[in-house]
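Dear colleague,

Please find below the structure that I am handing over to you, followed by an account of what was found in it. I would be grateful if you kept the structure open while reading.

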Amino acid sequence: MEYSAFLVGPHLIGLLFIVIGLMQKYLPPKKINRWYGYRTATARSSQQLWDEGNRYSANYMIRAGQLVLIFGFILYAGALYIHAPAEVQKIINYGILFGGAVGIGIFSTIATEKHLKENFKQTPVKAKKRK
């Protein structure tokens with residue numbers, strides 16, 4: 001087993017999402033912005049939706065990251081245990097790395113949008129600017 005392959009194994013993406021989720025949870029963006037936080041049109045429509053969207057997506061990313069971390073370790077250890085060929089190990093590594101990243105991103109967005117729509121039936125209306 002290569003030491004570098006273990007460090008950059010399929011579990012790395014799970015660890016990355018745990019760290020990002022913890023950062024977003026404990027250092028949440030205070031105001032609506034374009035650079036940091038859960039940034040969809042729904043979440044950016046009001047401060048209330050922004051705050052809840054960021055809270056919910058941070059918790060989702062932490063949980064999903066934990067699942068991918070555990071799943072990655074299990075698959076990686078299993079591939080080593082059965083002495084899978086190097087090519088099979090690479091397919092497992094890259095499949096979980098990229099599949100985990102894309103999957104967490106997509107499912108996190110879908111779950112957060114659903115949560116916002118269920119808990120905020122009517123989107124709060126922004127105050128109109130006076131002329």
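A polar contact is a pair of N or O atoms within 3.5 Å; within protein, one of the two must be able to donate a hydrogen and the other to accept it. Please note that the model is predicted.

In this model, the side chains of S57 and Q24 are joined by a polar contact of 2.9 Å. S57 belongs to helix α3, which covers residues 47-81. Is S57 buried or exposed? Its relative accessibility is 1%, so S57 counts as buried, because the term applies to residues under 20%. Setting aside residues up to four places away in sequence, S57 touches Y38, S108 and T112 as well as Q24.

As for the overall arrangement, the protein has 4 helices and 0 strands, giving the pattern α-α-α-α along the sequence. Of its 131 residues, 37% are buried. The accessible surface is about 9,100 Å², and carbon and sulfur atoms account for 67% of that area.

The largest nonpolar core consists of 10 residues, including I13, F17, Y60, M61 and I104. Helices α2 (12-26), α3 and α4 (86-119) each contribute at least two residues to this core. Another core, of 6 residues, lies apart from it, with A43, L49, W50 and L116 among them.

Y60, one of the residues of the largest core, is in contact with F107, S108 and A111 when its neighbours within four places in sequence are left aside. S108 is also among the residues that S57 touches.

Yours sincerely,
A colleague

Definitions and conventions. Residues numbered from 1 in each chain as written. Predicted model: local features only at pLDDT ≥ 70, side-chain atom pairs only at ≥ 80, totals over all residues. Heavy atoms only, no water. Buried < 20%, exposed > 50% of the residue type's maximum accessible area, 1.4 Å probe, protein only. Contact = heavy atoms within 4.5 Å. Areas by Shrake-Rupley, 256 points an atom, 1.4 Å probe, with all protein chains shown as cover. Core = buried A, V, L, I, M, F, W, Y, C linked by side-chain atoms within 4.5 Å.
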